[in-house]
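User: Hello! I am new to this structure and would like to learn how its descriptions are reached. Could you take me through it?

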Amino acid sequence: MSLGLTLNNARIDYAGHTLFRDISARLEAGSWTALLGRSGCGKSSLLRLLAGLEMSDLHQLDLATDDGQPLTDRVAWMAQQDLLLPWRRVIDNLWLGDDLRRRPRNRKLAHELLAAVGLEGREQAWPDALSGGQRQRVALARTLYQQAPVVMMDEPFSAVDAITRLELHDLASRLLKGRTVLMVTHDPLEALRLADQLLVLRPSSLPGHGAELERLPGLGAARPVPLDDPALPPAQAQLIARLRDSEEAA
Amino acid sequence: MKRLHAMRHLVISALLLLGLWQLIIAVTAVPPYILPTPQAVLEVLIEKAPLLAHHAGVTISEILAGLVLGILLGLATALALAFIPRLRRTLLPMLLISQVIPLFAIAPLLVLWLGYDMLSKVVMATLIIYFPVASTGYDGLRQTQQGWLDLAHTLGASPWRRLIHIQLPAALPALASGIRMAATAAPIGAVIGEWAGASQGLGYLMLNANARMEIDLMFAALLVLVAFSLLLYFSLDALLRALMPWHRDRLTRLS
């Protein structure tokens, strides 16, 4: 259930000026892509554009899937907030999509996924009774439950503490294996540990073009890259320097 | 346990009020036709129980009918406002106008148009309940988190399913505050209606007793009305809590 994506001519105009235009990128089937850039450069807008979410700004996008079928209903969305519905118990949050589409619920899959994210026995808990890390794990389980070949995540692990975040990296990279993932993040370490390729949205040298996309390779090692991997610190220092450069150029 | 606790505080408050009442009589030596003793009121309450029950039955029916109608109309208005943008420009000002017209002023008109029977009182109660329900319901429906709407979009929800599964439950806490407000206001509507012109009901009984200097009967009728209003509030509150089990511990408590 892998699905590669090719995007071309992505453009968003916000409040009368161009956020970016002529953006192209390739998301290989089953690969993990991290999207980085300074605040306000339009990372999240680009992600929303690709996910097909409602946008009030002027926008344009040519999006091609490898199988030629539309992407609609084949994208799972995960945001910075866990977006759990407080009036649904943990397990009911997983099959929200089934209820919204009037499809039968897959109880077996829901239980399996909750066990996989370490929440066995909490199926009937209210979301408000869970910790931030637990809630984000439920959100991850809900994202997986959709069984979508493409997963788009907007800073999914930024609202939890550092240790929980590292645990979530392990969990997410294991469970999202085989999916095509696009993840917006502010965290260079997170990007380097998880991604096969890094896309940096930075100010374009062309006037009136807004931002442009720079592609950097990932570390190419096993995912997630272990914290004590010797290649990690220099790569991180390099990436931070790069992000800082792009900020100064702006 | 908490509920029992709340009840105990209510009883203590009632006893304090009763003590104050008795104290005022003892200190000012006010004659019983101005302020009757609690004991005299209790005697009338027992002696005239069938009469009070008859009139209470009428008023309670008016209040409950008004409550149901007001909540339904308020909800319908909130939904229309939230989902038909074109309606907002005309409906919102009308909603406001309906609220700023003093009910006391139109009560005689309603009685003139709709008669001395229950209908005019039900309409009064409906009018007084309608606004808080419509406005809190509309606010609640408007303030659905954008993230939830995004999620519903990627999950392929139709507008109708989105309303049922996301927007309505999200609006429920706000709507519940409106319904609680309505529950305390509803008896006022019915009694004003009865004052403006009626042949039965607790408001009618009070007005009549007042004219005949039966102040103890007037107090007894008032007590029945207060007791029912409290009962109505607490029952509705319990019902709303049962509807929102996830929200239980975040609600502000009366006591």
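Predicted model: local features only at pLDDT ≥ 70, side-chain atom pairs only at ≥ 80, totals over all residues.

User: What makes a space a cavity here?

Analyst: A cavity is a set of points where a 1.4 Å probe fits but cannot get out, whereas a pocket is an open set. The largest cavity has a volume of about 60 Å³, and the second largest cavity holds about 40 Å³.

User: Which residues line the largest cavity, and how do they divide by class?

Analyst: Its lining belongs to chain A and includes A:Leu192, A:Arg193, A:Asp196, A:Gly220 and A:Arg223. By class, the lining of the largest cavity has seven nonpolar, one polar and three charged residues. Asp and Arg count as charged, so A:Arg193, A:Asp196 and A:Arg223 belong to that class. Gly counts as polar, so A:Gly220 goes there.

User: What makes the lining of the second largest cavity nonpolar, polar or charged?

Analyst: Here the residues are A:Leu7, A:Ala25, A:Leu27, A:Leu35, A:Leu46, A:Leu50, A:Leu182, A:Leu199 and A:Leu213. Leu and Ala both count as nonpolar, and the tally is therefore nine nonpolar, no polar and no charged residues. Strand 2 (17-27) and helix 1 (43-51) of chain A each give at least two residues to this lining.

User: Let us turn to the pockets. What is the volume of the largest pocket, and where does its lining come from?

Analyst: The largest pocket has a volume of about 620 Å³. Among the 17 residues lining it, B:Ala14, B:Leu17, B:Leu223, B:Val226 and B:Leu230 are the closest to its centre. Helix 1 (2-28) and helix 10 (215-243) of chain B each supply at least two residues of that lining, and helix 1 of chain B has the largest share, with nine residues. By class, the lining has 16 nonpolar residues, one polar and no charged.

User: How do you know that both chains take part in the second largest pocket?

Analyst: The residues nearest its centre tell us: A:Pro86 and A:Trp87 are in chain A, and B:Gln145, B:Trp148 and B:Ala170 are in chain B. This pocket has a volume of about 330 Å³ and is lined by 24 residues. Helix 8 of chain B supplies the largest share, five residues. The classes here are 13 nonpolar, six polar and five charged.

User: What kinds of element make up chain B?

Analyst: Chain B has ten helices and zero strands. Its C-alpha atoms fill a box of roughly 75 × 50 × 30 Å along the principal axes.

User: Which residues meet where helix 5 and helix 8 of chain B pack?

Analyst: From helix 5 of chain B come B:Phe104, B:Ala107, B:Pro108 and B:Val111, and they meet B:Ile192, B:Gly193, B:Trp195 and B:Ala196 of helix 8. By class, this contact has seven nonpolar, one polar and no charged residues.

How values were computed: Residues numbered from 1 in each chain as written. Chains lettered and ligands numbered in written order. Heavy atoms only, no water. Contact = heavy atoms within 4.5 Å. Helix = DSSP H or I, 4+ residues; strand = E, 2+ residues; numbered from the N terminus. 1 Å grid on protein atoms, 1.4 Å probe; cavity = no way out; pocket = protein on both sides within 12 Å on 5 of 7 lines; lining within 4 Å. Points joined across faces, edges and corners; volume = space filled by probe spheres on them.
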